[in-house]
Amino acid sequence: MKKIFDEAIEIRKRGNYQKSNELFMELVQEFPDNASVNYHCAWSFDLLGEESKAVAFYENAIKLGLSSEELEGAFLGLGSTYRTLGEYKKSKRVFEIGMESFPNNKALQTFYSMTLYNLNEHSKAMELLLKCLADTTVDDDILSYKEAINFYSNKLDEIWK
């Protein structure tokens, strides 16, 4: 299994997503209870733009139990996939669980903000994005206003007189 698994990842890195997906589909047929195989199979469908086929594999991977690093990726992948499929409430719930488990993961927070936007929770989405920007940027101009950005991030609708 490891040889084919490693080969599928290497092929994916080289950009041959179709072949990588075929190998992961073979692996998941042979090892349906392997969480990592399910996760990478889901990821391979996302790369092909076949998000609806990815869902069951992401869900199965999470249920079966992943390593911490892969679990972060699975929450991001499943939440993002639900969002692209228009299943915004499911997306929101997955991201909330993911952020509870990995509170410092800014990618989860960023993708969550996209879901909030889709749910018309614009203020909350902007607040989260602004805080992520202020916390992660290396741009000196933005950093010089970090305190102000954080302060105003949840006060965008207030008028100051």
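Mentor: In the largest nonpolar core, which has 35 residues, Phe24, Tyr58, Leu66 and Leu108 touch the most other members. The model is a predicted one, in which local features need pLDDT of at least 70 and side-chain atom pairs count only at pLDDT 80 or more, while totals for chains, interfaces and linings use all residues. Residues are numbered from 1 along each chain as its sequence is written, and side-chain values use heavy atoms, with hydrogens and water left out.

Trainee: What makes a set of residues a nonpolar core?
Mentor: The members must be buried Ala, Val, Leu, Ile, Met, Phe, Trp, Tyr or Cys residues, joined through side-chain atoms within 4.5 Å. Phe24, Tyr58, Leu66 and Leu108 belong to such a set of 35 residues. Two or more residues come from each of α1 (2-13), α2 (17-30), α3 (35-47), α4 (51-64), α5 (68-84), α6 (88-101), α7 and α8. Helices here are DSSP runs (H or I, at least four residues; strands are E, at least two), numbered from the N terminus. In soluble globular proteins, nonpolar side chains tend to be buried together.

Trainee: Which residues does Leu66 touch, not counting residues up to four places away in sequence?
Mentor: Leu66 touches Ala35, Ser36, Tyr39, Ala61, Leu71 and Ala74, where contact means heavy atoms within 4.5 Å.

Trainee: Why does Ala35 count as buried?
Mentor: Buried means under 20% relative accessible area, exposed over 50%, and partly exposed in between (1.4 Å probe, protein chains only). Ala35 has 8% relative accessibility, so Ala35 counts as buried. Ala35 sits in helix α3. Apart from neighbours within four places in sequence, its contacts are Ala61, Leu64, Gly65 and Leu66. The C-alpha atoms of Ala35 and Leu71 are 9.6 Å apart, and the two residues are 36 residues apart along the chain.

Trainee: Is Asn21 buried or exposed, and how do you know?
Mentor: Asn21 has a relative accessible area of 6%, so Asn21 is buried. Asn21 is part of helix α2. Beyond residues up to four places away in sequence, Asn21 touches Cys41, Ser44, Phe45 and Leu48.

Trainee: And is Asn120 buried or exposed?
Mentor: Asn120 has a relative accessible area of 59%, so Asn120 is exposed. Asn120 is in the loop between α7 and α8. Its phi is near 65°, a positive value in a residue other than glycine.

Trainee: Why are α2 and α3 called roughly antiparallel?
Mentor: Two packed helices are described by the angle between their axes and the distance between the axes. For α2 and α3 the angle is about 150° and the axes are 9 Å apart. Axes are lines fitted to C-alpha atoms, for helices over the stretch in contact, and angles run from 0 to 180 degrees between N-to-C directions. Angles under 35 degrees count as roughly parallel, over 145 as roughly antiparallel, 65 to 115 as roughly perpendicular and the rest as oblique. The angle of about 150° therefore makes α2 roughly antiparallel to α3. The residues that meet include Tyr17, Asn21 and Phe24 in α2 and Val37, Cys41 and Phe45 in α3.

Trainee: What makes α3 and α5 oblique?
Mentor: Their angle is about 40°, with the axes 11 Å apart, so α3 and α5 are oblique to each other. The contact is made by Ser36, Tyr39, His40 and Asp46 of α3 and Glu70, Gly73, Ala74, Gly77 and Thr81 of α5.

Trainee: How many salt bridges does a search of the whole structure find?
Mentor: The search finds nine. A salt bridge is a side-chain nitrogen of Lys or Arg within 4 Å of a carboxyl oxygen of Asp or Glu. One of them joins Glu50 and Lys53, at 2.8 Å from N to O. Glu50, at 25% relative accessibility, is partly exposed, and Lys53 is partly exposed at 45%.

Trainee: What do Asp135 and Lys106 form?
Mentor: They form a salt bridge, with the closest N and O atoms 3.3 Å apart. Asp135 lies in helix α8 (residues 122-136) and Lys106 in helix α7 (residues 106-118), so the pair ties together parts that are 29 residues apart in sequence. Lys106, Asp135 and Lys146 are linked in a network of salt bridges.

Trainee: How far apart in helix α8 are Lys131 and Glu127?
Mentor: Lys131 and Glu127 are four residues apart in helix α8, about one turn of the helix. Their closest N and O atoms are 3.1 Å apart, and the two form a salt bridge.
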